[in-house]
Amino acid sequence: MSVAKPTQKEITKYADLVFDTKLIKFDSVKKGKMVSAKYVFSNPSADTLKLDYVNPECICTSYEVSSHVIPPNDKGEITLNLDTTHKIGETKINAVVKANTKTKFYKIILKVNVID
């Protein structure tokens, strides 16, 4: 009796995504200032990491990605840019990151105390 070998479609490879930190906090920031938080991540796997998207929960937050494709054993950065113009007090912004990893979604968090 022979055992069938899996087809290429049946073999699913995943990259790894490891953040140095998922939470960045800022102390008091004056209302109207732009706050930028840089999240460094790495791909310690043997497969290429592909970021599908970064989705901040608020239109007050834009983002930049150093590259959507990270080779094995390389690093990348995601920067969240928060406009505090319409914020006051303790503010927490979440952003969801999706990639070709076993974990489907990652949450990165930016916290800031906005003062008048």
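1. Strand β4 (residues 49-56) and strand β8 (residues 89-99) run antiparallel and are joined by five bridges; strands here are DSSP runs of E with at least two residues, numbered from the N terminus, and two strands pair if DSSP finds at least two bridges between them. Within this part of the model, Pro56 stands opposite Ala95 in β8.

2. The model is a predicted one, in which local features need pLDDT of at least 70 and side-chain atom pairs count only at pLDDT 80 or more, while totals for chains, interfaces and linings use all residues. Residues are numbered from 1 along each chain as its sequence is written, and side-chain values use heavy atoms, with hydrogens and water left out.

3. Strand β8 also pairs with strand β9 (residues 105-115), again in the antiparallel sense, over 10 bridges. Val96 has Lys107 in β9 as its bridge partner, and a hairpin of five residues leads from β8 to β9.

4. How many salt bridges does the structure hold? There are three, a salt bridge being a side-chain nitrogen of Lys or Arg within 4 Å of a carboxyl oxygen of Asp or Glu.

5. One of them is formed by Lys98 and Asp52, whose closest N and O atoms are 3.1 Å apart. This pair links distant parts of the chain, with Lys98 in strand β8 and Asp52 in strand β4, 46 residues apart. Lys98 is partly exposed at a relative accessible area of 23%, and Asp52 is partly exposed at 43%; buried means under 20% relative accessible area, exposed over 50%, and partly exposed in between, with a 1.4 Å probe and protein chains only.

6. Another salt bridge brings together the side chains of Glu77 and Lys38, at 3.7 Å from N to O. Because Glu77 lies in strand β7 and Lys38 in strand β3 (residues 34-43), the pair ties together parts that are 39 residues apart in sequence. Glu77 is partly exposed, at 31% relative accessibility.

7. Asp20 and Lys75 also form a salt bridge, with their closest N and O atoms 4.0 Å apart. Asp20 is in the loop between β1 (18-19) and β2 (23-30), and Lys75 is in strand β7 (residues 74-83), 55 residues apart. Asp20 counts as exposed, at 54% relative accessibility.

8. Finally, there is one disulfide, a pair of cysteine sulfur atoms within 2.5 Å. The disulfide joins Cys58 to Cys60, with 2.3 Å from S to S, and this link is right-handed, with 135° about the S-S bond. Both Cys58 and Cys60 are buried.

Terms used
Helices (H or I, at least four residues) and strands (E, at least two) are DSSP runs, numbered from the N terminus.
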